[in-house]
Amino acid sequence: MSKAVRTTCPYCGVGCGLVVEKGGSETWVIKGDPVHPSNTGRLCSKGTALGETIAGDGCSLSPSLDGKAIGWEQALDLAAHRFRETIDRHGPDSVAFYVSGQLLTEDYYVANKLMKGFIGSGNIDTNSRLCMSSSVAGHKRAFGSDTVPGCYEDFELAELIVLTGSNTAWCHPVLYRRIAQAKENNPALKVVVIDPRQTATCEIADLHLQLKPGSDSLLFSGLLNYLERNQAINHAFVESHTEGMEESLQQAQWYAPSARAVAELCGLAEDDLLRFYRWYLTREQVVTLYSQGINQSSSGTDKVNAIINCHLLTGRIGRPGMGPFSITGQPNAMGGREVGALCNQLACHMDIENSSHRELVGRFWNTQNLAAEPGLTAVDLFRAVEAGEVKALWIMATNPAVSIPDGEQVRRALAKCEFVVVSDCVRETDTSSYADLFLPAQGWGEKDGTVTNSERTISRQRRFLSTRGDARPDWWILSRVAQHMGYPGFDYSAPSEIFNEYARLSGFENGGQRDFDISGLAGLSQQEYDSLAPLQWPVTSTAGKGTRRLFGDGRFFTPSGRGRFIPVIPRAPGEALSVSYPLVLNTGRVRDQWHTMTRTGRSARLFGHDSEPFAEIHPYDAEANGLDDGELVTVSSRLGRVVVRARLSEGQSRGTLFVPMHWNDQFASKATVDSLVNPALDPISGQPEFKHTPVTIHPYRPAWHGFLLTRERVILEHASYWAKAKREGLWHYELAGEEVAENWSDLAKELLLSASDQSQWGEMMDRAAGYYRGVSVVDGMLQSCLFIGPDHRLPKRDWLVRLFARPQLTRAERMRLLAGVPGNAQEDAGKTVCACFGVGRNTLIQGIREDGLTSTDAIGERLKAGTNCGSCLSEIKTLIAGQISDSDTQDRGTVRQTAPYVDDPILLPADNVGSGLPHREAD
Ligand code: SF4
């Protein structure tokens, strides 16, 4: 590739544009696209590190049957034969596809056409079910269509932005930067964060409402009631363009009679709640942004409608600077919604339960076999697999063994299923280990197509990499299997042909009745498709350049053409707390990881911020359960348990804890948190309740703790707990175990030294106290180190990790290796805050305290931190604000007073580390 390629980020629903250029022979320079309307050149830490994640997982990518490589013809034939045979014997509902927001729209379209159009079953569901199906259902109830009415520009035009159930700073960082910039430009702009956790997003909040988990519907019902009582009804809009207001108001008055009652039930100060209500009352331009904190609930759809009701009442929708705004998690979750990859939809926002839509789509696809009813939603699908009702399952570009609630049930289902096909761009995942047939799919950078972001912008993902191994695009694999099954209408030779068919269907007998219409893009030539610039749907003959906002004319897509108020009855979460499980588990994302880490887990710098799975726990709950900061903790629900690192945080509400969703069997021994999650479903959307699972916590105190830093990957057999992270030039393992080794020195040598090793090996041991430390140095460079102790109080790792980057250790550094902490005169940057420039917490604290760097500009100028993607700016601002806990100030690494300590470690040649090695034992 010689010239720059414009494409789109494969991570979140912000949908940032990228410019990719070739660097060295195997390297790529990836920058934000300055002309893409969604990010105008900005990127977050994940987008910035994309170039480091391009290399494959090292496994050969060819189709394989039971782990043995086979050719494509055999693989396609086998998939077609097994699906055909199962359908013939047990009917179309005995097979299913489980697909993903990582697929491109063209892939999605073909998958949906094959399953719903020709196999004749509704059994195709997407992992977007897990993140935003409540928004889809809420939109359809209120608008008659799954429409996001506004655009990102509305955040810049708003007078009040309400961020509810969204840690925007970490989950949609570029959008957060746009909001932060808007607030800087317009200090009158108010930002309210509604979240049970104090997150990084709160850094720009004028008001944080730290409500009780699950009480959002009540809060917005209270707002509806308050607005009505304070004469905020937009009568002209409500009377001309809506229906159902009275009933909704009655419900709100009944369940949320006063601000005092609402404040008490939500666990808020009444004054704070009233301040929010007053701001909402007095500002016309209000945007309510919401995300998984609203959707991932057993009453998520009602929560969405409680939010929309307030916008309908005030007529604040469809005009600049206002509206309800659902923001999606995945890069193409919106595309999946558009093509009908949820089991209750048809393509182009048509409904499977609508007979005229079925007739229209069946006619367009020229099929007699269109599915007549919805299929199974994600959780129910895997239940049906375990029950033996679904006998052949094809999983595309997703990892349900990790990401679906009650993960053990999913694993049982996969183990039991008669025929499992997995197509993915990654060979080794928790799910692919269950595949009978593995089909290598092209990954990001290898494939071509379109995606749609949260503001309805369709952007091109363009190919710039040559294909690894024998991988193929998903649309190609699906089309060929369809052809092998004997179905017509799948003879596509390029994604542009699929896009054209899809665009034609969107306009087919539409006449303005359906919101999703991109008929203005039908008939694009290959060249026009290749150069397609980002634009927002609808794109029609009268709106050729796309559409910024919908509903500004007060016309909705319900049968009456009016927006619908939905009466909301606030409900408690699906499973109540109990004596056995008294705490609420909340799951979500961290700043620098993505989904199940299949891509971000390849970048060393993205592990700098969080290198180990953890549970954020309020200090009160930690103390009540006898837990120390930094200790290992077992988190158990009635479905399973995980072991993670305890991280005490005042930002966590008492009685709740937060565990990230990313870690899985590839990166930790027991940290797949969704295996704990209660599969309580929203009855309308089928979305699971990831934000509220009753759990209990206990300290996990094995016989020993340790960590290992090594340039070579190792196989760990001795540890009952491990977590693995890639760091710059090394692997970082956190360890713990039930059985103390007979001789740590022997074990260390076995693990870390090869026969030809020219290491200098230094070690010390205190058998009685249970300490061992060994370091190996080759040609003056640190090669590996193993630290073992009786508890978790071991030296902090960051200084040692940074020493691996030194081409030559200094004498002072070598002197301190076995201590694991730098001497007074030596630098310890501390935990990484700025992933882009590797700036640590201690460096920042020192800059603030000693050099007077008291603004982000001053820090950026001196240390560069925060000057690239800006994802760390909220953390830097918190540090500047002096919100540094006592423990932060001791981040130079602490070793227990009783720990062995050497001033002058002797580095011995590896040969000498045999039996009879003169261990340096502490006095
Ligand atoms: Fe990618 Fe970050 Fe933009 Fe999301 S905000 S699309 S992860 S660069």
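Okay, Pro-538: it's found in the loop between β19 (535–536) and β20 (563–564), where strands are DSSP E runs of at least two residues and helices are H or I runs of at least four, numbered from the N terminus. The peptide bond from Trp-537 to Pro-538 is cis, with omega near 0 degrees.

Quick housekeeping. This is a predicted model, where local features need pLDDT of at least 70, side-chain atom pairs count only at pLDDT 80 or more, and totals for chains, interfaces and linings use all residues. Residues are numbered from 1 along each chain as its sequence is written, and side-chain values use heavy atoms, with hydrogens and water left out.

Ala-397 is in the loop between β14 (392–396) and α18 (400–403). For context, most residues other than glycine have a negative phi, and most peptide bonds are trans.

Zooming out, the protein has 30 helices and 36 strands. Its radius of gyration, over C-alpha atoms, is 28 Å, close to the 29 Å from the globule rule for 923 residues, so it's as compact as a globular protein of that length. That rule is 2.2 Å times the number of residues to the power 0.38.

Now the ligand. Which residues surround the ligand? They're Cys-9, Tyr-11, Cys-12, Gly-15, Cys-16, Leu-43, Cys-44, Lys-46, Gly-47, Pro-173 and Val-174, with "near" meaning a heavy atom within 4 Å. That shell splits into eight nonpolar, two polar and one charged; Ala, Val, Leu, Ile, Met, Phe, Trp, Tyr, Cys and Pro count as nonpolar, Asp, Glu, Lys and Arg as charged, and the others, Gly among them, as polar. Helices α1 (45–48) and α7 (173–185) each supply at least two shell residues.

Last, confidence: pLDDT, the predictor's score per residue from 0 to 100, averages 90, and 94% of the residues score at least 70. Over residues 883–923, though, pLDDT is below 50; beyond near neighbours in sequence, that stretch has 99 contacts in the model, meaning heavy atoms within 4.5 Å.
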